[in-house]
Structure formats: structure tokens, C-alpha cells
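Me: Please take a close look at one part of this model for me. I would like the sheet and the helices packed around it.

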Amino acid sequence: MTNHEAGRNEADLKLTHLGVKTEYPTTYAPDVLESFDNKHPGRDYFVKFNCPEFTSLCPMTGQPDFATMYISYIPDQKCVESKALKLYLFSFRNHGDFHEDCVNIIMNDLIHLLEPKYIEVWGKFTPRGGISIDPYCNWGRPATKYEDMAAHRLMNHDMYPEKVDNR
């Protein structure tokens, strides 16, 4: 067994969701999030997740809200484990919050877990009442080029009209 394989097996032992029957949380559950060591901390690269089945509840009416949630980040020392992220996102199913709050809560929880160099979360919610809401938030590590990157990406975010055929 190589050192690389031994390191992978040791890291996998810390993950509790992989290879076991899935227990879906019924309430908001940031504690299900798990991370693993980034094998390439000296290289900048994006990790992107798309969750086309994100669901939360309107805090006023209790009606379901549906979205595709896009999460992109540049890891530092840790990466989020995908099954744990899926369970976390599913935990919003019975959670009542506004769209803007959902994307910021997700981003804050991932910053807390990962301490990434850069992260962005974009929720593209399906229309309800004839209007869609697509909140976007991002964050770059303060006093680094990633803070400048976050400001640039926010200022230039979604500058072109989208082709609306996916809703």
C-alpha cells in the first residue's frame, strides 16, 4: 500500500455518512456537514456543486420553495464531503427562511466548516406568484487576493440576461 493510499484510507475513516444507510434529517442540520483533507492545498482550484432539488419553506406561508443551489469554493486545507453536503441541503426541506437567508446560511455554515479561500452560493429559485428570486452571496478570505476576487465577482455577477427555459 502506498503512502497516498494509506492517507486516503485513514481520512475516509473519519467520514460517517459514506457506505451506510442514509438517514435524512427532518430539520435544519448543520451538524451533518463533514470535511476531509484537501490533497492539493498549494493549488487554487474550484470545487462546484449543483443541487437542482433544493427545497425550503416560505417562513410566512409555509409553502414550499424550490431552487437549484450552486455552491463553488476554492478550498484551503479542507473539502466538504458530498454526501454530507447533500444531507445538509436536504435538511432545509422543512426549514422556513427567506431565499436570501438560505443562501447566506449555507455560505456561513460552509465557511465555518471549511475555512475556504473563497466561496460563493447562488440560489436560483423557481417562480412563485409570477416572480423568481435568485440571491447570490460570496466571500473571500480577508486581506488576501480572494477578498479582491469576491468584490470583483460580486460587482460583475449576472450582468447578462439569462435564457429562462429551465423553470
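Reply: Start with the sheet. Four strands make an open sheet, ordered S2-S3-S5-S6, with antiparallel pairing. Strands here are DSSP runs of E, at least two residues, and helices are runs of H or I, at least four, all numbered from the N terminus. Two strands count as paired if DSSP finds at least two bridges between them. This is a predicted model: local features need pLDDT of at least 70, side-chain atom pairs need 80 or more, and totals for chains, interfaces and linings use all residues. Residues are numbered from 1 along each chain as its sequence is written, and side-chain values use heavy atoms, without hydrogens and water.

The edges are S2 (47-57) and S6 (136-140), each pairing on one side only. Neighbouring strands are turned by 15° against each other on average, direction ignored. Angles run from 0 to 180 degrees between N-to-C directions, and axes are lines fitted to C-alpha atoms, for helices over the stretch in contact.

Nine bridges join S2 to S3 (residues 64-74), and the two run antiparallel. Cys51 stands opposite Met69 in S3.

Next, the helices. H2 lies across S2 and S3, at about 25° to S2. H4 (residues 145-155) lies across S3, S5 (118-125) and S6, at about 160° to S6. Contact means heavy atoms within 4.5 Å.

H2 (residues 82-90) also meets H3 (residues 99-114): their axes come within 12 Å and cross at roughly 145°. Leu85, Tyr88 and Leu89 of H2 touch Ile105, Ile106, Asp109 and Leu110 of H3.
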